[in-house]
Amino acid sequence: NKFRAEIVVGRQKYSLGTYATAESAARAYDAKAREEYGAFAITNFGAREVSATPGDAEDCRTIAEGDA
């Protein structure tokens with residue numbers, strides 16, 4: 001199985017890629033959320049637990065609002 005990470009920022013939806021584990025996808029989401037929202041980010045893990053980044057994904061692309 002593969003796990004997809006996505007986040008919506010404003011009206012823009014970002015596909016952060018697909019990951020081998022749910023935890024990796026969640027960590028990629030957290031990294032992007034912190035990048036976009038800083039201290040106001042709502043994340044899955046605490047700030048000290050960040051290890052995956054969107055760049056670790058098997059694929060990564062931005063989805064335009066009407067494409068989803």
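Reader: In which loop is the place of Ala-41?
Author: This is a predicted model, in which local features need pLDDT of at least 70 and side-chain atom pairs count only at pLDDT 80 or more, while totals for chains, interfaces and linings use all residues. Residues are numbered from 1 along each chain as its sequence is written, and side-chain values use heavy atoms, with hydrogens and water left out. Helices (H or I, at least four residues) and strands (E, at least two) are DSSP runs, numbered from the N terminus. In these terms, Ala-41 belongs to the loop between α1 and β3 (61-63).

Reader: Is Ala-41 buried or exposed, and at what relative accessible area?
Author: Buried means under 20% relative accessible area, exposed over 50%, and partly exposed in between (1.4 Å probe, protein chains only). Ala-41 counts as buried because its relative accessible area is 19%.

Reader: Leaving aside neighbours within four places in sequence, with which residues is Ala-41 in contact?
Author: Contact means heavy atoms within 4.5 Å. The C-alpha atoms of Ala-41 and Asp-30, which are 11 residues apart along the chain, are separated by 7.9 Å. With neighbours within four places in sequence left aside, the contacts of Ala-41 are Ala-33 and Arg-34.

Reader: In what order do the helix and strands follow one another along the sequence?
Author: The protein chain contains 1 helix and 3 strands. Read along the sequence, these elements follow the pattern β-β-α-β.

Reader: How far apart are the end C-alpha atoms of α1?
Author: The expected span of a helix is 1.5 Å times one less than its number of residues. The 16 residues of α1 should therefore span 22 Å, and the distance between its end C-alpha atoms agrees, at 22 Å.

Reader: Which strands are among the elements that cover the buried residues of α1?
Author: The buried residues of α1 are Ala-25, Ala-26, Arg-27, Ala-28, Asp-30, Ala-31, Lys-32 and Ala-33. One of them, Ala-25, is in contact with Phe-3, Arg-4, Ala-5 and Tyr-19, leaving aside its neighbours within four places in sequence. The cover of the buried residues of α1 includes β1 and β2.

Reader: Over the face of which residue does Lys-32 lie?
Author: Lys-32 is placed in helix α1 and is buried, because its relative accessible area is 10%. A charge sits over a ring if NZ of Lys or CZ of Arg is within 6 Å of the ring centre and within 35 degrees of the ring normal. At 4.6 Å from the ring centre, Lys-32 lies over the face of Tyr-14.

Reader: At what distance from the ring centre of Phe-45 is the charged end of Arg-27?
Author: Arg-27 is one of the buried residues of α1. The charged end of Arg-27 sits over the ring of Phe-45, and its distance from the ring centre is 4.0 Å.

Reader: What relative accessibility does Ala-20 have?
Author: Ala-20 is in the loop between β2 and α1. The C-alpha atoms of Ala-20 and Lys-2 are 5.1 Å apart in space, although the two are 18 residues apart in sequence. Ala-20 counts as exposed because its relative accessibility is 54%.

Reader: What is the relative accessible area of Thr-21?
Author: Thr-21 also has its place in the loop between β2 and α1. From Thr-21 to Phe-3, 18 residues apart in sequence, the C-alpha distance is 6.1 Å. Thr-21 is partly exposed, because its relative accessible area is 36%.
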